[in-house]
Amino acid sequence: MQTISCDVCRKKLDNPMGGRSFFHLGEHNICEPCRDELDLSIRPQIRGQDPYTVDWYDNLVNNTLVKAIQKGKI
Ligand SMILES: [Zn+2]
């Protein structure tokens, strides 16, 4: 049985299904609840961003994740 743990909340996931019960973001693995939290926390920043680019978005996700991993929550 394959087990991975979420990089943010450290919750263990058995038999993870990529894209469904956990997500790869860059070099990080995060669980679905943490991904939802991440979406919520970056949404207001996305709205205010002009110009909006994929690079900018990737950086935002990555920076938000790195901070979240340090804190242990989004
Ligand atoms: Zn998590």
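Predicted model: local features only at pLDDT ≥ 70, side-chain atom pairs only at ≥ 80, totals over all residues.

Visitor: Fine. How many helices and strands does the protein chain have?

Guide: The protein chain has two helices and four strands. Read from the N terminus, the order is β-β-β-β-α-α.

Visitor: And what does the C-alpha trace span along its principal axes?

Guide: About 45 × 25 × 20 Å.

Visitor: What share of the residues counts as buried?

Guide: Of 74 residues, 14% are buried. As for contacts with a separation of 6 or more, 37% of them link residues 24 or more positions apart.

Visitor: Let's do the strands. Do E3 and E4 run parallel or antiparallel?

Guide: Antiparallel, with four bridges joining E3, residues 22-25, to E4. Phe-22 has Cys-31 in E4 as its bridge partner, and Phe-23 has Ile-30.

Visitor: How many residues sit between the strands in that hairpin?

Guide: Two residues lie between E3 and E4. In this hairpin Gly-26 takes a positive phi, near 60°.

Visitor: Next, the core. Which residues make up the largest nonpolar one?

Guide: There are ten: Cys-6, Val-8, Phe-22, Ile-30, Cys-31, Cys-34, Leu-38, Leu-65, Ala-68 and Ile-74. The elements giving two or more residues to this core are strand E4 (28-31), helix H1 (32-47) and helix H2 (54-71).

Visitor: What is Cys-6 in contact with, leaving aside neighbours within four places in sequence?

Guide: Cys-6 contacts Lys-11, Leu-13, Phe-22, Asn-29, Ile-30, Cys-31 and Cys-34. Among those, Phe-22, Ile-30, Cys-31 and Cys-34 are listed in the core along with Cys-6.

Visitor: Changing topic: where is Asn-15?

Guide: Asn-15 is in the loop between strand E2 (12-14) and E3.

Visitor: Buried or exposed, and why?

Guide: Asn-15 is exposed, because it has 9 other C-beta atoms within 10 Å, and the cut-off for exposed is 12 or fewer.

Visitor: Which residues does Asn-15 touch, not counting those up to four places away in sequence?

Guide: Asn-15 touches Met-1 and Gln-2.

Visitor: And how far is the C-alpha of Asn-15 from that of Thr-3?

Guide: The two C-alpha atoms are 5.8 Å apart, although Asn-15 and Thr-3 are twelve residues apart along the chain.

Terms used:
Residues numbered from 1 in each chain as written. Core = buried A, V, L, I, M, F, W, Y, C linked by C-beta atoms within 7 Å. Buried ≥ 20, exposed ≤ 12 C-beta atoms within 10 Å, placed from the backbone. Contact = placed C-beta atoms within 7 Å. Pairing = 2+ DSSP bridges.
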